[in-house]
Amino acid sequence: MSELTVTIVGCGVIGYNHARAMVALGGLRIAALVDAIPAAAAKLADYLESELSVPRPPTFETLADAGHADLVVICTPSGLHVSVAEQAISGGSNVVIEKPLDVNLPRARLIAELAHAAEAKGLVVSVISQHRFDPASVVVDQAIRSGAFGRITSAVASVAWWRSQEYYDSGDWRGTWELDGGGAAMNQGVHTIDLLVWFLGTPVRISAETGRLAHDRIDVEDIAVATIRFESGALAVLHATTAAFPQLSVRVQVHGDRGSAILDDDQLAFFHAGGDGSDAGGGNQAADVVAADEVHGAPKADDSFTQAHLRQYRDIVRAIDTHTAPGVRVDDALISLATVESLYVSATLGVPVLFADVLAGRYDETVLVTGGTQ
């Protein structure tokens with residue numbers, strides 16, 4: 001495969017991580033950097049040149065100024081994704097969008113329509129859901145699909161994180177509905193919600209409560225809890241917060257009538273499959289199922305965040321090279337976004353809501369203004 005040229009749009013923290021992943025993978029040449037703040041683009045260019053020994057790419061303030069690239073990577077604040085994606089797709093580029101797809105469903109549906117048209121032309125449009133590519137997550141998914149856990153009955157997911165007041169004060173867009181799209185559920189919890197949807201399928205009904213308990217000067221929630229019923233009948237409990245000092249792990253438990261698994265900070269902490277359901281016995285098979293340190297038992301590496309993105313980039317490059325669908329399509333990200341928005345609708349109205357109604361746009365977008373936090 002020939003080298004692909006890449007333009008990164010958005011040169012904040014997440015832009016750095018994408019750049020590191022692409023350099024580590026190889027076969028991708030960062031040809032341009034775009035940011036509305038020239039100093040941000042220049043700083044990333046300095047980093048690429050000095051720290052990663054990458055030829056210094058030119059910097060621009062708009063995507064139109066940067067010209068065509070084989071791949072456009074969108075790392076802007078979430079509420080700006082759709083406008084950049086529309087430009088990139090219209091220009092004939094393959095596109096990668098950092099999570100979430102966008103901050104509201106009408107714009108996300110527009111991206112989905114654009115993506116469908118792009119796919120019909122042989123282009124790839126993917127959304128970052130890097131934890132679907134974690135080795136431990138793949139093991140759990142395979143066990144679910146193969147029936148090794150039997151009928152999936154329930155799941156428990158918790159994102160117990162801490163974000164300081166300084167974190168929210170560091171950018172005007174942080175903690176806003178317009179550009180952040182939400183708080184602990186949307187910004188920090190969306191990847192865990194994405195895993196729940198990947199493991200358990202399409203939601204049916206969601207009931208949620210949210211609160212803003214540990215932070216000032218933000219519009220969004222710093223804690224969200226929800227119960228979710230899925231089409232299969234399985235039930236899940238979700239907890240996402242940025243108000244859990246000093247911060248604990250991200251934990252996902254999946255339970256079936258023949259087995260269970262626990263993911264803790266992206267590693268396989270527990271795995272048991274193939275039971276006959278006759279008793280409560282059965283030990284932890286995780287070490288027997290997978291031997292790789294990155295899947296079971298070892299501390300997370302310092303570059304684990306970059307490595308997770310690298311795995312998804314490997315899939316994206318494969319899709320571009322083979323003219324096939326990527327592992328995560330826009331439609332997948334749309335389901336995850338609609339799940340988060342269903343949580344906000346339920347918290348705002350104070351009643352359970354049907355996922356299908358939210359996905360179809362049957363609720364006025366103004367119900368998301370408070371997300372139930374006021």
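T339 touches I193, V197, P203, I206, I228 and F355, leaving aside residues up to four places away in sequence; contact here means heavy atoms within 4.5 Å. This is a predicted model, in which local features need pLDDT of at least 70, side-chain atom pairs count only at pLDDT 80 or more, and totals for chains, interfaces and linings use all residues. Residues are numbered from 1 along each chain as its sequence is written, and side-chain values use heavy atoms, with hydrogens and water left out.

T339 sits in helix α12 and is buried, with a relative accessible area of 3% (buried means under 20%, with a 1.4 Å probe and protein chains only). A polar atom of its side chain lies 2.8 Å from the backbone oxygen of I335.

Let's step back to the helices. Helix α9 (residues 190-200) packs against helix α12 (residues 330-349) at an angle of about 115°, with their axes 9 Å apart. That makes α9 roughly perpendicular to α12, a label for angles of 65 to 115 degrees. In this packing, V190, I193, D194 and V197 of α9 meet I335, S336, T339 and V340 of α12. The residues of this contact divide into 5 nonpolar, 2 polar and 1 charged.

Now look at H215, found in the loop between β8 (203-211) and β9 (223-230). Is H215 buried or exposed? At 7% relative accessibility, H215 counts as buried. Among the residues H215 touches are W162, Y168 and T242. The side chain of H215 also reaches the backbone oxygen of R163 at 2.4 Å, and a polar contact of 2.9 Å joins the side chains of H215 and D222. A polar contact is a pair of N or O atoms within 3.5 Å; within protein, one must be able to donate a hydrogen and the other to accept it, and residues adjacent in sequence count only if both atoms are side-chain atoms.

Note on methods. Axes are lines fitted to C-alpha atoms, for helices over the stretch in contact, and angles run from 0 to 180 degrees between N-to-C directions. Helices (H or I, at least four residues) and strands (E, at least two) are DSSP runs, numbered from the N terminus. Angles under 35 degrees count as roughly parallel, over 145 as roughly antiparallel, 65 to 115 as roughly perpendicular and the rest as oblique. Ala, Val, Leu, Ile, Met, Phe, Trp, Tyr, Cys and Pro count as nonpolar, Asp, Glu, Lys and Arg as charged, and the others, Gly among them, as polar. Buried means under 20% relative accessible area, exposed over 50%, partly exposed in between (1.4 Å probe, protein chains only).
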